Amino acid sequence: TMTASYLIEQLAARAPDLLIPRSLGFAALGLFGRGQGLALAAHELVVTGFVRVARPMFARGEREPEALARTYLAFLARLSVLPLALFPFLARFADALVRLLFGPAWAGCAPVLAVAACGMTLATPWYLAPALLTGTGRAGAKQRIAQVSLVGAIAAGALSPRIGREATAQL
């Protein structure tokens, strides 16, 4: 079940790479990839370490539901500080950051960065959910969530000519 979840998550993450070039062209895919890549780099920087530490802590707390709830809320409170500061900053200053880091030729990826950063801000409470589900032995639920994500990614990619790069960034 964990392997299936991982494969489904990877398909969902790669759906834009397969769908955007056909509908919007390779230049749009490049801009999308650069904007999304910047947002994901920030996500890796401020989220991934917490999640790696949280999973074993959640596994220990499974036997004591009250302790698990306290552990989850404590991790969430600590985790939320950086994303809730960094992602809105990225969204607000996306154009300036892109121009500073990559020059004006890449300015077209700034709206993708801004939308992705907004989405990541809203997703902050979700970041610990996969670690909680796998740590407590609920891999089946994680797989179902991954399946829904895949359907959403494919639908957004298929609709990308109508909704544009910015909205597709919510993948």
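Leaving aside its neighbours within four places in sequence, which residues is T121 in contact with? I began my entries there, working on a predicted model.

**Entry 1: T121**

I located T121 in helix α6. Its partners beyond the sequence neighbours are P83, L84, F87 and P88. I then looked up how open the site is. T121 has a relative accessible area of 18%. The cut-off for buried is under 20%, so T121 counts as buried.

**Entry 2: α4 against α6**

I found the axes of α4 and α6 7 Å apart, at an angle of about 160 degrees. Angles over 145 degrees count as roughly antiparallel, so that is the label for α4 and α6. The crossing of α4 past α6 is left-handed. I listed the residues on each side. From α4 come P83, L84, F87, P88, L90 and A91. From α6 come L113, A114, A117, C118, M120 and T121. I sorted this contact by residue type and got 11 nonpolar, 1 polar and no charged.

**Entry 3: α2 against α4**

Next I turned to α2, which spans residues 26-46. Its axis lies 10 Å from that of α4, and the two helices pack at about 160 degrees. α2 and α4 are therefore roughly antiparallel too. Here the crossing is right-handed. On the α2 side I noted A39, A42, H43 and V46. They meet L79, L82, P83, L86, F87 and L90 in α4. By type, the residues of this contact are 9 nonpolar, 1 polar and no charged.

**Entry 4: α5 against α6**

I went on to α5, residues 94-102, and α6, residues 110-122. Their axes come within 8 Å and cross at roughly 130 degrees. That angle makes α5 oblique to α6. α5 passes α6 in a right-handed crossing. The α5 residues in the contact are A94, D95 and V98. Facing them in α6 are A110, L113 and A114. The split by type is 5 nonpolar, no polar and 1 charged.

**Entry 5: aromatic rings**

How many aromatic pairs does a search of the whole structure find? I got 3. One of them is F58 with Y72, a tilted pair. F58 belongs to helix α3 (residues 48-61) and Y72 to helix α4 (residues 65-92), so the pair ties together parts that are 14 residues apart in sequence. I looked up accessibility for both. F58 is at 0% relative accessibility and counts as buried. Y72 is at 18% and also counts as buried.

Another pair is F89 with F93, again tilted. I read 5.0 Å centre to centre and 50 degrees between the planes.

F58, Y72 and F75 form one.

**Entry 6: A141 and S5**

I picked A141, which sits in helix α8 (residues 139-168). It is at 21% relative accessibility and counts as partly exposed. How far apart are A141 and S5 in sequence and in space? They are 136 residues apart along the chain. In space, the C-alpha to C-alpha distance is 9.3 Å.

**Entry 7: the whole chain**

The protein has 8 helices and 0 strands. Read from the N terminus, the elements run α-α-α-α-α-α-α-α. Of the 171 residues, 42% are buried. I also looked up the reach of the contacts. I took those between residues at least 6 apart in sequence, and 74% of them join residues at least 24 apart.

Notes: Residues numbered from 1 in each chain as written. Predicted model: local features only at pLDDT ≥ 70, side-chain atom pairs only at ≥ 80, totals over all residues. Heavy atoms only, no water. Axes fitted to C-alpha atoms, helices over the stretch in contact; angles between N-to-C directions. Helix = DSSP H or I, 4+ residues; strand = E, 2+ residues; numbered from the N terminus. Parallel < 35°, antiparallel > 145°, perpendicular 65-115°, else oblique. Left-handed = near helix turned anticlockwise from the far one by under 90°. Contact = heavy atoms within 4.5 Å. Nonpolar A, V, L, I, M, F, W, Y, C, P; charged D, E, K, R; others polar. Phe/Tyr/Trp six-rings, centres within 6.5 Å; stacked < 30°, edge-to-face > 60°. Buried < 20%, exposed > 50% of the residue type's maximum accessible area, 1.4 Å probe, protein only.
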